[in-house]
Amino acid sequence: MLSWSDSALTLVQRLQKDLIVSCQAPAESPMHHPAVIAAMAQAAINQGAVGVRLDTPTHVQAVRRQIDAPIIGLWKQQIPGFDVYITPQFVQAQAIAQAGADIIAIDATLRDRPDGETVASLIARIHHELGKPVMADVDTLEAAIAAAQAGADIVGTTLYGYTAATQHQTPPGFELLTQMISAIDVPIICEGGIASPQMARQAMDFGAYAVVVGTAITGVDLQVKAYKTAIQIGVNAGQVLAEVLAKKAVAEGDRADSLRYRFALFETEDQSYRRYINAKLDQFSESCAEVEPFFTAAARQTQKPLEILLLDEQQTILGGLIGSTSCWNWLLIDFLWVHEAHRYQGYGRQLIELAEQEAKKRGCVFARLGTFSFQARGFYEKLGYQVVAQWDDYPPGQTQYWLKKPLS
Ligand SMILES: CC(=O)N[C@H](C=O)[C@@H](O)[C@H](O)[C@H](O)COP(=O)(O)O
């Protein structure tokens, strides 16, 4: 009789040198329905995909009823206080296995995990208690090596570009893929950001064991949005032009080539001109090779709000810090306020320190903020911030200061 690890091997071998289709949809989309996911999975298998990758037990169950091909199952769950979200705990792995998945995908990044579990202990439990092979989704080479040592049956580049450690990278992670292939002896699947058949071919040429493609094949919502945005920039350009021509010019003249130009002063609530000029400048920045990865839409989408409130027992807001962590590893503090009855008790300091701690967890290396001469420059300086610029007479009679602090 075959042991479970022999049958796991046979199962993994069914994926070799071929295409796996990820059939997932955003929770708020009408596509996020078991019947729709099952139809997508069936269509993928009918066209020759060797396996599918699915989120949630309900979807795994619906697809299992229809297809025999290997299912890589996962369950995305946000656990408060933790960033790992792909099957973060054993309970989700168990539910996914019971729903009929053949391989369980887990987050195997080096980030903190709930339940005092480690990647190694989770893999061991999935192997021994559920009898299923594990696909370890990673972001870095270190995580890949650790996952392989922990007994992962497959390692995937899935989380490259999606974690603080890799937020400046844009999938597909071909470089990571090749590093993983030379460093570890476990099948490596290239997953994430494969946007065309040519890219899938490229991943195979780099030595991937198999390729998982999601959005480019089944991501109706994201694809429509991307097409729409691209078209919209053009449409806005047309609108901008029409409206510029219709506006009263504040200056006009003749160019050397005898074409007329005009400058139109806009006073409008409409944000489309602002967005248009912004998008054009971003296009320029993306075209500068040395900074291109920092300006891609995917990189900029990694900017995350960071908001901390100080509340009393009745949940009344006594203070707060509002900011964000930028995609370029900076903590940006926009506002800090503490109710006047509660000042000078260390709450402001705590808000800043908590924000810095969280920002460091997200990989930030600097913090920046602005303050006015009538506000709290001394307070920030005591916390290690240094003035790097100032605007005098802004507002009249006052000065605005910009301060910076290294977070290391
Ligand atoms: C990062 C993350 O949460 N990835 C998820 C993992 O299951 C899915 O949302 C992706 O669609 C899947 O990895 C396939 O990638 P792409 O859709 O780029 O082909």
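Predicted model: local features only at pLDDT ≥ 70, side-chain atom pairs only at ≥ 80, totals over all residues.
The strands form a barrel that is closed by eight members, arranged in the order β1-β2-β3-β4-β5-β6-β7-β8 and paired in parallel fashion. Within this sheet, neighbouring strands are turned against each other by 25 degrees on average when direction is ignored. In general, the strands of a sheet pair through backbone hydrogen bonds, in either a parallel or an antiparallel manner. Strand β1 (residues 18–22) runs parallel to strand β2 (residues 51–55), and the two are joined by three bridges; in this pairing, V21 stands opposite V52 of β2.

Among the helices, α5 (residues 119–130) includes V119. This residue is classed as buried because 25 other C-beta atoms lie within 10 Å of its own, where 20 or more are required. When residues up to four places away in sequence are left out of account, V119 is in contact with A108, A136, A146, A147 and A150. The C-alpha atom of V119 is also separated by 8.3 Å from that of T109, a residue 10 positions away along the chain.

Notes
Residues numbered from 1 in each chain as written. Pairing = 2+ DSSP bridges. Helix = DSSP H or I, 4+ residues; strand = E, 2+ residues; numbered from the N terminus. Axes fitted to C-alpha atoms, helices over the stretch in contact; angles between N-to-C directions. Buried ≥ 20, exposed ≤ 12 C-beta atoms within 10 Å, placed from the backbone. Contact = placed C-beta atoms within 7 Å.
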